[in-house]
Amino acid sequence: MIKRNWVEYTILGIIVFNIFVLAYVFLIPRAQFMIDHWEWGPEALMETPGAMDTPNQYLKTYKVANQVRKVTKEDSIILMPTDNWEFGSNRSVVIQRLFPRKVYFFGDEDFYDHKNSVGSKTTVYAVAFSGDGANLCFERDIESLDETKFVLCKLKN
Amino acid sequence: MMIWVDFALLWYASFRVCLNGCEWAFKWEKLALAFLLTLSFKSLFLFFLIRFGIQPEVDIQIGLSILVFMFTLFLTARPSIEEESGGERGFVWLTLFGVGGLFIFSMLNAWFFPITESDAIWYHIRGMSFFNEIRFDSDWVPLQLKQYPPFIPLLFAYLIAFEVGFLKIIFPLLYLCLNIIFYSRVLSLTKTKKMACLFTMVLATTPYFWWHGVLPFLDMTTAVFYSTGILYWYFWIKTKIESSSLNEKSSYALVSGLLLGLAAWTRIEFILYDLVPIILTIYIFSRYQDKTTNLKSLRVFFFSLLLFPSIWFLNLLTLEMNLWSQIEMVGGVCIFLWVLVLGLEFRQWRISESSVFLAFAISVIGYFVLLLIVGIGPVPVWKKIVISLYRTSAVHIFYLFTSSLAIFLFFEKLKELSELKKILGCFLILFLFTRLAIFAYANPKWPTLGRFVYATFIQPGNSVNLSDTRGMMSFYPVFIFFISSLPFVRQRLIND
């Protein structure tokens, strides 16, 4: 017969309660999420709300960035609308997904310097949405970026 | 595939270094320690390659790893300490199963979830920039983030170089290393597997720790480096007080100094937290000063601690950018520590016990003067102190049931504790005060206390991931270790 005293019971209790919280808040919801999205690739996962404990704040930005990534080459330049979109854009996400493409945001101090000083062999794209104030794709051929309400246009070949 | 070859070479080389120098460690502990050393060697190689404008291509990295591997083949292996076989097998299996299960699930998470967490996205960008642009001051990264130490982005650059897709893999491995080292140190201290298993399970199941084992932030990394550094520092101090062999002292000092320095190589403010063990070390060396006192281990400790953060500060000075004022302040602390260590080394300074107390009192007064002069901002100083006091106390609710281990303190005769344990207790108190001081100096995220109370109890999601909540992760492993060392707890767990 194993004799235990209150100190041991307290420590075992701490472990049991810790495991309970761990399972309830982290392990079970994460396992559930993984089962539900098991065959999804990393790109698709970036566009989901994410695990319950770390909700993905940037899923809409990821949708835009992933679409731009799909249709542009790595050596191109992307001009983005100002870094304050309706759903709270995040420039880090855009840079993360589009790297090594060079990305410049409308409203930045040196935006026009970059726009005008582009080498002849570089393809320049602009991303726009209705009412973004930059009018980068005004009167140009535009390509809709899936369901994101953003459009892409080629400024220079 | 090539990354396995590269990492295995470097890991085995680090393991041989541990086999040669850390005879006081268990074999599995050496494997965990070798893993941490591998990451630090790797980050250092990558740092210098990038610093000299060389892209860290796969063949260059493997070449360097082979070179290190060959060099370590000449090191002789010394025997490890052995654990006693038998006894408490149920606890051992339960711990293996529990920690192993949590580790495997966290690996699965690291493989499955891409990096989408706010700060981590910047570390990812920095990693890509280090590898592709071969520079530390990329135009894509905000000024403040450029000045953060490079450890995690360098490791990301390592994985990117070898085209490994899941960059979060480092973090579950760090979680595992922390648990292995913690188990080994408790076992080494208490000599009972039951205690080592129970307290390791407390640490491993603390939800906040497991959670950060799958999140790509800096906090799990600093927690691993800082807390393991402190555990080895404790054993170093123990050897000093118990007058053990010089070799043992030096290797403990080296490992502990390196780990504490690596914490600052990950998050620069840890050089301020490093002041706590530094002050206590100087105090102990002044208290146990005699003719036979050998300062070799003290020298080793200081040099190894200052190596990594100093490299980063020197690098920052070479970059064309305005340094953030808080980085300048921490850099000033680093310079002060170099003056201290060079004074001890070349001027043979002998610091008396009373002068340690005097220096401590002056630095506390100096801090308040600094707070009143420099700390003037949108939030009044008194309010900053109150907010910081609140945060230092309230933050523990996020560590849930683990923080309730503190109840054992009320049953312990604290005055009768050995001097060593009192020093560890002092460390914990001073750590909390240092934290209080740091966050009283920095501008709080919200201007009123009410907002913090709201964010703690009504919307904890806003508070759970603040940097000060995460920073407390470095405290808890040492706190649990301290509780495991209490005679009251030991008697109840062993003599039942």
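Guide: Helices (H or I, at least four residues) and strands (E, at least two) are DSSP runs, numbered from the N terminus. Residues are numbered from 1 along each chain as its sequence is written, while chains are lettered from A and ligands numbered from 1 in the order in which they are written. This is a predicted model, where local features need pLDDT of at least 70, side-chain atom pairs count only at pLDDT 80 or more, and totals for chains, interfaces and linings use all residues.

Visitor: Is B:Cys426 buried, partly exposed or exposed?

Guide: B:Cys426 sits in helix α19 of chain B. A residue is buried with 20 or more other C-beta atoms (placed from the backbone) within 10 Å of its own, exposed with 12 or fewer, and partly exposed in between. B:Cys426 has 14 C-beta neighbours inside 10 Å, so the class is partly exposed.

Visitor: Which residues of α18(B) are buried?

Guide: Helix α18 of chain B covers residues 381–394. On the face turned away from its buried side are the exposed residues B:Trp382 and B:Ser393. The buried residues are B:Lys384, B:Ile387, B:Ser388 and B:Arg391.

Visitor: What is the handedness of the crossing of α9(B) and α22(B)?

Guide: The axes of α9 (residues 193–205) and α22 (residues 476–484) of chain B come within 10 Å and cross at roughly 150°. Axes are lines fitted to C-alpha atoms, for helices over the stretch in contact (C-beta atoms, placed from the backbone, within 7 Å), with angles from 0 to 180 degrees between N-to-C directions. A crossing is left-handed if the near helix is turned anticlockwise from the far one by less than a right angle, and right-handed if clockwise. This crossing is right-handed.

Note on methods. The expected span of a helix is 1.5 Å times one less than its number of residues.
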